[in-house]
Amino acid sequence: MMLEGEFHTHMLPEFMIERRQDRCIRCRVCERQCGFNVHWYDEEMDMMREDEMKCVGCQRCAVMCPTNALVVKPHPGNYKPNANWTRERLQDLKKQAETGGVLLTGSGNDKPYRIYWDHIVLNASQVTNPSIDPLREPMELRTFLGRKQDRLEFKYSEDFEDIEITTELYPNVQIETPIVFSAMSYGAISYQAFKSLAMAASEFGTLFNTGEGGLPKELRKYGKNAIVQCASGRFGVDPEYLNVAAVVEIKIGQGAKPGIGGHLPGEKVTLPISVTRMIPEGTDALSPAPQHDIYSIEDLSMLIYALKEATNYEKPVSVKIAAVHNVAAIASGMVRAGADIIAIDGLRGGTGAAPKMIRDNVGIPVELALAAVDQRLRDEGIRNKASILVAGGFRCSADVVKAIALGADAVYIGTPALVAMGCTLCQKCHTGICNWGICTQDPYLAKRLNPEITAKRLVNLLRAWSHEIKEMLGGMGINAIESLRGNREQLRGVGLEDWELEVLGIKGAGE
Ligand code: SF4
Ligand code: SF4
């Protein structure tokens with residue numbers, strides 16, 4: 001492959017394509033399915049050929065091939081093994097020597113940082129307190145997000161038969177499972193993917209998050225299931241946008257790229273996206289790294305209360321940050337500034353596009369951040385003043401259960417939702433070419449997602465995880481997710497250092 005007529009690339013291909021010629025019927029499906037133009041038909045030879053250098057390993061061709069003729073696998077070609085200079089490091093250096101640019105990537109951090117969920121085990125009832133069978137007994141996953149009162153006052157009827165809460169309640173949002181779809185903006189993902197998330201959240205009774213790309217007018221009917229973001233670019237923010245939503249979220253940071261802003265290139269700002277974001281068609285949508293009106297906790301408080309004022313104090317206001325050093329102190333400030341929900345996005349959070357060095361090296365794991373924040377807010381007596389939503393690398397229902405026991409109110413999931421839609425984590429979201437129709441604005445690719453069908457896949461995922469959460473709760477003899485929240489006695493660490501157990505606030509297994 002030649003790069004801009006200057007260099008012949010020195011890079012090795014990432015993937016190798018094996019085509020079983022005895023099975024290939026030359027239907028050219030693979031050619032049509034690949035947005036990276038890997039496959040082509042050689043008329044002279046009457047056979048399909050491939051350019052492996054272009055292959056990103058998304059597996060679309062292998063899945064769609066009607067005769068299972070294709071195998072796409074990591075390319076075995078390698079440099080001399082070297083513990084310091086891995087294949088990835090050499091490839092990155094060569095790419096930079098050829099392009100002179102920042103390495104960009106998509107999806108989440110793929111480096112082998114410790115995943116604490118895999119070193120935490122759950123409890124189960126034995127002998128003294130019986131477990132509960134969720135198929136026979138009611139099991140409550142309903143969760144309320146928002147600020148809670150310090151105390152409640154009640155009024156009894158004269159015959160003491162009825163009871164009424166007389167305390168005025170803060171606005172809370174009810175969700176039927178403690179799982180919420182992460183922020184994914186229209187622009188970063190296709191309209192079809194965005195609509196699928198909205199439909200699934202609405203059907204299951206949970207929330208999706210608009211990210212910073214606004215909410216298209218015709219999708220505002222899903223507003224009561226939407227967390228709408230107000231980010232540094234203020235894209236798409238107007239009174240109607242704020243008032244149709246269930247929650248308004250101020251985005252300060254994102255786990256995949258703490259400390260830096262975002263950039264949607266002009267070629268992706270099509271007419272519908274420009275209308276939704278309220279910017280001219282074809283112009284770059286630049287999100288500055290900071291919110292230019294927030295340089296202190298007092299500034300944050302002013303924006304929180306401006307948004308509360310704009311929504312008549314009827315909606316919880318969330319503030320989202322990336323998990324970084326001193327996250328507990330920052331979270332405490334956010335709660336004191338008036339945030340009703342604090343959202344913390346960890347080191348493994350996904351993204352549509354981020355500099356690779358930032359994604360892979362900045363931030364801290366969400367498990368440690370969550371434990372530290374929950375503990376700090378408890379120690380300061382302000383834990384009930386805000387719900388905690390955590391994001392960044394949740395892979396299965398057991399991760400969710402462990403997060404709730406560590407102190408989370410609910411969990412944001414991004415990558416599992418994308419995978420449910422078809423994503424294979426090829427990490428090429430930033431190219432705008434997504435063969436699965438998710439991270440693209442190319443109408444030919446985007447129409448591969450049918451929102452009706454994709455929403456069903458997402459609902460199935462939520463249903464499956466919710467069943468599993470009930471099973472795990474039942475095993476612990478707990479019949480409501482509320483009783484698990486912050487119940488770290490249900491957790492034990494395996495293979496962790498003392499300092500890690502201390503930050504997590506859990507005992508080691510066997511204790
Ligand atoms: S999709 Fe499969 S059968 Fe069709 S041309 Fe490609 S490799 Fe051959
Ligand atoms: S969303 Fe698409 S481009 Fe991004 S990782 Fe998944 S399959 Fe690849």
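Over which ring does the charged end of Arg60 sit? In this predicted model, the ring is that of Trp436, and the charged end of Arg60 lies 4.7 Å from its centre. A charge counts as sitting over a ring if NZ of Lys or CZ of Arg is within 6 Å of the ring centre and within 35 degrees of the ring normal. Arg147 is likewise placed over the face of Tyr170, at 5.9 Å from the ring centre.

Rings of Phe, Tyr and Trp (its six-membered ring) pair if their centres lie within 6.5 Å; planes under 30 degrees apart are stacked, over 60 edge-to-face and the rest tilted. Tyr186 and Phe194 make a tilted pair, because their planes stand at 40 degrees, with the centres 6.1 Å apart. Phe194 also pairs edge-to-face with Phe208, at 5.8 Å centre to centre and 85 degrees between the planes.

Tyr186, Tyr191, Phe194 and Phe208 come together as one aromatic cluster. Within this group, Tyr186 is buried at 4% relative accessible area, and Phe194 is buried at 0%. Phe208 is buried too; the term means under 20% relative accessible area (1.4 Å probe, protein chains only).

Residues are numbered from 1 along each chain as its sequence is written, and side-chain values use heavy atoms, without hydrogens and water. Local features need pLDDT of at least 70, and side-chain atom pairs count only at pLDDT 80 or more, while totals for chains, interfaces and linings use all residues.

Terms used: Chains are lettered from A and ligands numbered from 1 in the order in which they are written. Buried means under 20% relative accessible area, exposed over 50%, partly exposed in between (1.4 Å probe, protein chains only).
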